[in-house]
Amino acid sequence: MVPEIDVVSFKKRLDARAKGEDDFFVLDVRNPNEQQIALVPGTDKLIPVGELSARIEEIKDQTEREILVYCRSGGRSAMACNLLAEAGFKSYKNVAGGVLAYSDLVDPNMQKY
């Protein structure tokens with residue numbers, strides 16, 4: 001089990017970060033074509049989960065910040081959280097339900113795929 005955050009809490013934190021009231025890093029672990037269909041505003045970096053181990057250096061400067069990780073439905077982001085743990089990251093959460101839950105509960109205009 002990896003730590004999780006629900007999409008409603010995730011959106012509240014994104015809003016707080018936009019006002020300078022919170023600090024964390026948002027990692028999208030979907031494929032680039034998926035991000036073209038639906039993107040959560042405030043995403044900091046896209047690294048497909050299959051490339052995360054090889055590209056972990058790209059986010060090494062984020063080891064002191066909490067990383068919130070999302071994908072389409074939560075499975076790949078959970079795997080990514082495990083990879084972050086193995087790489088020595090201390091604070092991360094899986095966005096439970098991913099883009100599908102975000103579309104259902106936060107932004108019904110977000111395209112589902």
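**Around helix 1**

Author: Let's start with a polar contact: the side chain of Arg 13 meets the side chain of Asp 22 at 2.7 Å. Bear in mind that this is a predicted model. Arg 13 sits in helix 1, and it counts as buried because its relative accessibility is 17%, where the cut-off for buried is under 20%. Setting aside neighbours within four places in sequence, Arg 13 touches Ile 5, Asp 22, Asp 23, Phe 24, Glu 66, Leu 68 and Lys 93.

Beyond its neighbours within four places in sequence, Ala 16 is in contact with Glu 21 and Asp 22. Ala 16 is buried too, with a relative accessible area of 16%.

Now for the rings. The count of aromatic pairs comes to two. One is Phe 10 with Tyr 70, a tilted pair with 6.3 Å centre to centre and 50° between the planes. Phe 10 belongs to helix 1 and Tyr 70 to strand 4, so this pair ties together parts 60 residues apart in sequence. Phe 10 is buried at 1% relative accessibility, and Tyr 70 is buried at 1% as well. The other pair is Phe 10 with Tyr 102: the centres are 6.2 Å apart and the planes lie at 70°, so this one is edge-to-face. Since Tyr 102 lies in helix 5, the pair ties helix 1 to a part 92 residues away in sequence. Tyr 102 is buried, with a relative accessible area of 3%. Through these ring pairs, Phe 10, Tyr 70 and Tyr 102 are linked into a cluster.

That brings us to helix 5, residues 98–105, whose buried residues are Gly 98, Val 99, Ala 101, Tyr 102 and Ser 103. What covers them includes helix 1, strand 4 and strand 5. In the segment after helix 5 you'll find Asp 107, which counts as partly exposed at 26% relative accessibility. Asp 107 and Val 40 are 67 residues apart in sequence, with their C-alpha atoms 9.4 Å apart in space.

Next, the strands. In strand 2 (residues 25–28), Phe 25 and Leu 27 point one way while Val 26 and Asp 28 point the other, and all are buried. Strand 2 pairs with strand 4 in the parallel sense over four bridges, and Val 26 stands opposite Leu 68 there. Strand 2 also pairs with strand 3 (residues 45–46), again parallel, over two bridges, with Leu 27 opposite Lys 45. Between strand 2 and strand 3 the chain passes through helix 2 (residues 32–37), and this β-α-β crossover is right-handed.

Last, the cores. The largest nonpolar core has 17 residues, and the members touching the most others are Leu 27, Ile 59, Ile 67, Val 69 and Leu 84. Strand 2, strand 4 and helix 4 (75–86) each give two or more residues to this core, and helix 4 gives the most, with three. Not counting residues up to four places away in sequence, Ile 67 touches residues including Phe 25, Leu 27, Ile 59, Leu 84 and Phe 89. A second, separate core has 15 residues, among them Val 7, Phe 10, Phe 24 and Ala 38.

Note on methods
Residues numbered from 1 in each chain as written. Predicted model: local features only at pLDDT ≥ 70, side-chain atom pairs only at ≥ 80, totals over all residues. Heavy atoms only, no water. Buried < 20%, exposed > 50% of the residue type's maximum accessible area, 1.4 Å probe, protein only. Contact = heavy atoms within 4.5 Å. Pairing = 2+ DSSP bridges. Right-handed = clockwise from strand over helix to strand, strands pointing away. Polar contact = N/O pair within 3.5 Å; in protein donor to acceptor, adjacent residues only side chain to side chain. Core = buried A, V, L, I, M, F, W, Y, C linked by side-chain atoms within 4.5 Å. Phe/Tyr/Trp six-rings, centres within 6.5 Å; stacked < 30°, edge-to-face > 60°.
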